[in-house]
Amino acid sequence: MSPSTTAPTALLARAPSTEPSRVARAWRQARHRPASVVGAVIVLLFVATAIGAPWIAGVDPMQTDWKLIRKAPTFAHPFGTDDLGRDTFARVVWGTRISMQAGVFSILLAIAVGVPLGLVAGFYRGTLDQAIMRLTDAWLAFPFLILAIGLVTIMGPSLTNATVAIGLGATPTYIRLTRGLVLAIAAEDYVHGARALGAGDVRLMTRHVLPNIVSSLLVQATISIPIAIIAEAILSFLGLGVQPPAPSWGTMLNTAQQFLETAPWMAWWPGLAIFSLTLSFNLAGDGLRDLLDPRDY
Amino acid sequence: MFDFLVQRAAISVGTLFVISMVVFTGVRMIPGDPARVLAGTDADAAGIDAIREKYGLKDPIPLQYLRWVGLALRGDLGHSIRTRESVIDTVATKLPITIELAFLSLLIAVGIAIPAGVLAAVRRNTVWDMLASGASLGGVSIPNFWLGIMLILFFSVQLGWLPASGFVPIWESPLDNLRRMVMPAFVLGTALAAVLMRQTRNSMIEVMSADYIRTAYSKGLTTRAVVFRHAIRNSLIPVVTILGLQMGALISGAVVTEQIFVVPGFGRLIVESVFTRDYPLVQGVVLITASSYVLINLLVDVSYSLLNPRIRIGGTPRES
């Protein structure tokens, strides 16, 4: 029997004492997992870069200069310049903002749509559950990227539409995850207890079920966000996401592919930026998973 | 068992039905007029009207849908607007290329992932384990299209060892075919290898702590015999099912990989049909992709329940 099935009073009595131990555990974890800490710090650096792009970039990422076409990295242009003489460093810095926006907002959308659907399906079971799950099955039958490509084709290529398409592509994962968790939690004694005390459905769902699945959703988000960031880069690379001249890492790589022989640096930096951001997210996510979900992986 | 199969098959048929409706309405929501595309740029209003009449585009949408499904069930998905070739024939020429690519990438992925996963599990918490886990994390994180570009930069541009793009059918020259397929297959296999490695390691660790492994050791068998004869075989069961579930990722990966290496396969066909607004082709290709995905999932579920009788309709074997 798990500790969460003990009587509500016991839970209440134990609640204050768990807080310091959680902090202590976080600290212990942090010391045992230096890689996760490094990952988290790099993610935060990327967030800071996204927010502070205008100050960090220094020059205008869209300013072309015909005298500076495809120049190798120098002190003035540490990442070199591109086919239109634009500063690659400034474009990579501004691209951070686009990638972060697409990665975070698409997953927020997936959570906003998927969690209520999964919650309702798992909580009420029956016909409603069946209907939602068949819809999810059909939804999942389209490979993530194919679905995103299809949706962007219908809506037209832009950053907002790419974000929406990626978000809707990631939604079924959240429906399934939430439903599975809710099925397990709704069977717990404390939920039955709360119902016996007169709690309504909405109160049960928001006060008793939802708080218990937040950590699992958070862990899933750290897995989904890097996937969404790569998906945005792919859509832009295919010409279905952010449109030029806006500086997106995917569009930059698309252009760079034409100049591999004469200007290879154009391909290095945007890809390196995606790689380090997704790697850091995954490292930080691994740590978070151990922290919030202490099962052995 | 029979009830389970019937129930599971019925669910798949239902899913396919929903998919066909989604695909049909989805394609109709793509901006642009298919009759105008069909008629070409120099057609007048009367010409466009004649085309609408000819292809039944004036009929009510539900009727159009029923006609399309009726033909699709008989294996007729219509003709491409651009090439006038039948959709089925187009797919039939493109699909083998992608299947070859997928097969090669699977070979690469399995060849890397299973030995690495077993090694990491047997030598748990050693340098080997850390190396394998690090490589797996890198493989999951690296954007495959960038990896492709970097491989081209290194092996084609810098060293000049491999051609950067193009395709040679395997029956024309197997060697030239392989020289062009090895980089795309490696790119496609990396992400798969990373996932498989992690799964192999976890499942191997679980198996190694089982009672019958302890029994095998206490019989006096060497570690080598225990690992190779007892542990690997049992730990591969979940790995095989994971393989099935990775098919969607493989199709998505093929879209990008074929684009970078200019491989004229199924993935490139999807992108091309979308870009050229070739409605019948988009409709057919997406329907085939989704249907095969449903079919693979059905097979995975069934094989899973055959391998593990504890899983029945109430369980969630497809948890992802």
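Residues are numbered from 1 along each chain as its sequence is written, and chains are lettered from A and ligands numbered from 1 in the order in which they are written. In this predicted model, local features need pLDDT of at least 70 and side-chain atom pairs count only at pLDDT 80 or more, while totals for chains, interfaces and linings use all residues.

**Exercise 1. Describe the side of chain A that touches chain B.**

Step 1. Two residues are in contact if their C-beta atoms, placed from the backbone, lie within 7 Å. By that criterion, 35 residues of chain A are in contact with 39 residues of chain B.

Step 2. Helices are DSSP runs (H or I, at least four residues), numbered from the N terminus. On this side of chain A, α5 (126-140), α6 (144-155), α7 (159-186), α9 (201-237) and α11 (265-292) each supply at least two residues.

Step 3. By residue class, this side holds 23 nonpolar, nine polar and three charged residues. Here Ala, Val, Leu, Ile, Met, Phe, Trp, Tyr, Cys and Pro count as nonpolar, Asp, Glu, Lys and Arg as charged, and the others, Gly among them, as polar.

**Exercise 2. Characterise the largest nonpolar core and the contacts of A:L253.**

Step 1. A residue is buried if 20 or more other C-beta atoms lie within 10 Å of its own. A nonpolar core is a set of buried Ala, Val, Leu, Ile, Met, Phe, Trp, Tyr and Cys residues joined through C-beta atoms within 7 Å.

Step 2. The largest such core has 154 residues, and A:L253 and B:A290 are among those with the most contacts inside it. Helix α4 (residues 88-124) of chain A gives the most to this core, namely 17 residues.

Step 3. Neighbours within four places in sequence aside, A:L253 is in contact with A:F237, A:A267, A:P270 and A:G271, and, in chain B, with B:F145, B:W146 and B:I149.

**Exercise 3. Examine α5(A): its span, its buried residues and their packing.**

Step 1. The expected span of a helix is 1.5 Å times one less than its number of residues. For the 15 residues of α5(A) this gives 21 Å, which agrees with end C-alpha atoms 21 Å apart.

Step 2. Its buried residues are A:T136, A:D137, A:A138, A:W139 and A:L140. These pack against α7 of chain A and α1 (2-29) of chain B.

**Exercise 4. State the secondary structure and burial of chain B.**

Step 1. Chain B has 13 helices and zero strands.

Step 2. Of its 320 residues, 37% count as buried.

Definitions and conventions:
A residue is buried if 20 or more other C-beta atoms lie within 10 Å of its own, exposed if 12 or fewer, and partly exposed in between; C-beta atoms are placed from the backbone.
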